[in-house]
Amino acid sequence: MGKLTGKKAIVTGASRGIGLAIATKLASEGADVAILSTSVKEDLAAKLSAELGVQVKSYACNVADSETVQNVFKQIIADMGTVDILVNNAGITRDGLLMRMKDEDFDAVIATNLRSVFLCTRAVARTMMGKRTGRIVNISSINALHGQAGQANYAAAKAGIIGMTKSNAMEFASRGITVNAIAPGFIGTDMTAAMDDATKEKYAAQIPLGRIGKPEDVANAVAFLASDDACYITGQILGVDGGLNA
Amino acid sequence: MNEEIFKKVTAVIVDKLGVKAEDVKPESEFGNDLGADSLDRVELVMALEDEFEVEILDSDAEKFAKVADVVAFIEAKKA
């Protein structure tokens, strides 16, 4: 039996990269998972369901849009019957040096990476409050802690997630709902693949554990924070970065 | 006071605050008598909105000290 058997989970930005690894891990631990992405990925959901023997269903959801989030989450909670775990993972980058950064690039990153966390958390809060239990895991970034030239928007959004994580942890604690964040370091995904090789090599050389992280490294930490084993942990920011922030 | 509304409000309070129906009286105060904290109040207001299909602004909800206040508010909204 997996440590999440019977749990109902929602993962945003779940069609690829870290989000897909998280959805796969939660499902492999026995959770039914609603995977959210910008378009419906029925084949992916069917494949995960078949391979892992749980219910995985795909939903299209623009997580930055209030009304869409309300409607889609209502549907998901009706479909699954409840929700135990929310993983706010959806994120985009629109990198650029500040002097050249467009308003749209700043706003889009804040909307998708930060506003979405507010909207999705609010959409599950009532159900979790009523149950007197729940797990919310937000995916921040090491760049929320360190800063990164060219990522004023991304770093601000990810740092905002840390503030929201701590506030929500305080707000929901009396109802048995824990809220934590993970700050991934350099993880090999499509997002980081966009970087040039020299930058990647520079990073890898700085990582104490000597390798770039895998999406599964992050997923394992999420599964722990989403499990009953982590019931006494809330308001924390867990680095999954090979020691980069040590 | 509208008895029917009072009964429905009582049912919502019993459900959300986990108190006994006989302990819910018109003069019961949410904080002192019914043990509601700020989150309980929010949950209660949202449940009342659903039950009676009315919108309750935070500025209205802040004025709910006792059960009779809620019943009077709903009565006025439904009138």
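**Exercise 1. Find which residues of α1(B) and α2(B) meet, and describe how the two helices cross.**

Step 1: List the contacts, meaning pairs whose C-beta atoms, placed from the backbone, lie within 7 Å. From α1(B) come B:K8, B:V12, B:I13, B:K16 and B:L17, and they meet B:D40, B:E43, B:L44, B:A47, B:L48 and B:E51 of α2(B). Helices here are DSSP runs (H or I, at least four residues), numbered from the N terminus.

Step 2: Sort these residues by class. There are 6 nonpolar, no polar and 5 charged ones. (Ala, Val, Leu, Ile, Met, Phe, Trp, Tyr, Cys and Pro count as nonpolar, Asp, Glu, Lys and Arg as charged, and the others, Gly among them, as polar.)

Step 3: Look at the axes, lines fitted to C-alpha atoms over the stretch in contact, with angles from 0 to 180 degrees between N-to-C directions. Those of α1 (residues 3-17) and α2 (residues 38-52) of chain B come within 10 Å and cross at roughly 140°. Therefore α1(B) is oblique to α2(B). (Under 35 degrees is roughly parallel, over 145 roughly antiparallel, 65 to 115 roughly perpendicular, and the rest oblique.)

A note on the model: it is predicted, local features need pLDDT of at least 70, side-chain atom pairs count only at pLDDT 80 or more, and totals for chains, interfaces and linings use all residues. Residues are numbered from 1 along each chain as its sequence is written, while chains are lettered from A and ligands numbered from 1 in the order in which they are written.

**Exercise 2. Work out how α4(A) and α6(A) pack.**

Step 1: In chain A, α4 (residues 103-131) and α6 (residues 152-172) have axes 8 Å apart, at an angle of about 15°. So α4(A) is roughly parallel to α6(A).

Step 2: Among the contact residues are A:F106, A:V109 and A:I110 of α4(A), and A:Y154, A:I161 and A:M164 of α6(A). By class, this contact has 11 nonpolar, 5 polar and 2 charged residues.

**Exercise 3. Explore the largest nonpolar core.**

Step 1: A nonpolar core is a set of buried Ala, Val, Leu, Ile, Met, Phe, Trp, Tyr and Cys residues joined through C-beta atoms within 7 Å; buried means 20 or more other C-beta atoms within 10 Å. The largest core has 69 residues, and A:V11, A:I22 and A:V222 are among those touching the most other members. The helix giving the most to this core is α4(A), with 10 residues.

Step 2: Beyond four places away in sequence, A:V222 touches A:I22, A:K25, A:V87, A:V137 and A:I182.

Definitions and conventions:
A residue is buried if 20 or more other C-beta atoms lie within 10 Å of its own, exposed if 12 or fewer, and partly exposed in between; C-beta atoms are placed from the backbone.
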